[in-house]
Amino acid sequence: MKIMIIGATGMAGSAITKLALERNHTVVAIGRSEEKLAALPANPNLQTKAKDAFDLTLSELQAVDVVIDAMATSPDKAYRHVDLATKLIAQLREQQRPRLLFILGAGSLTTGDDQHLFVHDIESNPANAAFVAIPQNQLAELTFLRTVTNVDWVGISPAANFTAGPATPAQYGHDTLLTNTTGESVTNSGTMAVAVLNELETPKHHQERFTVANQFVALHRQLTPSPTFN
């Protein structure tokens, strides 16, 4: 499989790139920094392009089987999550390929007895003001994607804390924030990478979002969101 990864040098993107290469897929790594792209593991199946994702052409997109949007943004540019999703969808309306996979945030998951959106918990804590625009815009991104019926897309959300780390045994869900038996809600980047590659190799979700979390106890014990949502 030939996989384009937008944001290939970020936390999620680099973990997905590494695992995809280990599974013998061809990877086209997209990033804005040539220096960071050069730091990716050397592999004959890896191609790198220092390019803004918004400049990708239809021919470049259609040259691969899958496009993964793992782009990260600063909070003041969080609207770019929505902008990139709408651009990719607009380019690929009624096209047979590629499949689109979006790394979304945890804010659009539901939690609590009343099943409210987790983004409301994030908004209610003043300590999160510096980055709350990211989950808010990723919610808007998913809201848009759910209107799309003529493009082959899938979304995946991490748990409340999305952190760098190795793959662990995982639990899967659909729209509800996942926790383990101790109440932790954590997804390691390695756990996310496994979930992404498993979905691409054996598709189970189409035009919907699912979620993945570490199944067992992790190092962090507070149910607080990380500012690094992808």
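Me: What order do the eight strands of the open sheet come in?
Reply: In this predicted model, the open sheet has eight strands, in the order β3-β2-β1-β4-β5-β8-β12-β10, and their pairing is mixed.

Me: Which strands stand at the edges?
Reply: Those are β3 (46–50) and β10 (170–173). Each has a single partner strand, so one side of each is left without a neighbour in the sheet.

Me: How many degrees are neighbouring strands turned against each other on average?
Reply: On average 20 degrees, direction ignored.

Me: Ok, zooming in. How many bridges join β1 to β4?
Reply: Four bridges join them, and the two strands run parallel; β1 is residues 2–6 and β4 is residues 66–69. As for who faces whom, Ile 3 stands opposite Val 66 in β4.

Me: Which strands does α6 lie across?
Reply: Helix α6 lies across β4, β5 (99–103), β8 (153–157) and β12 (209–214). Relative to β5, α6 runs at about 155 degrees.

Me: New topic: at what angle do α4 and α6 pack?
Reply: About 20 degrees, with their axes 8 Å apart; α4 is residues 80–91 and α6 is residues 133–145. That angle is under 35 degrees, which makes α4 roughly parallel to α6.

Me: And is the crossing left-handed or right-handed?
Reply: The crossing of α4 and α6 is right-handed.

Me: Which residues make the contact?
Reply: From α4 they are His 81, Val 82, Ala 85, Thr 86 and Ile 89. On the α6 side you'll find Ile 134, Asn 137, Gln 138, Ala 140, Glu 141, Phe 144 and Leu 145.

Me: How many of those are nonpolar, polar or charged?
Reply: The contact of α4 with α6 has seven nonpolar residues, four polar and one charged.

Key:
Residues numbered from 1 in each chain as written. Predicted model: local features only at pLDDT ≥ 70, side-chain atom pairs only at ≥ 80, totals over all residues. Heavy atoms only, no water. Axes fitted to C-alpha atoms, helices over the stretch in contact; angles between N-to-C directions. Parallel < 35°, antiparallel > 145°, perpendicular 65-115°, else oblique. Left-handed = near helix turned anticlockwise from the far one by under 90°. Contact = heavy atoms within 4.5 Å. Nonpolar A, V, L, I, M, F, W, Y, C, P; charged D, E, K, R; others polar. Pairing = 2+ DSSP bridges.
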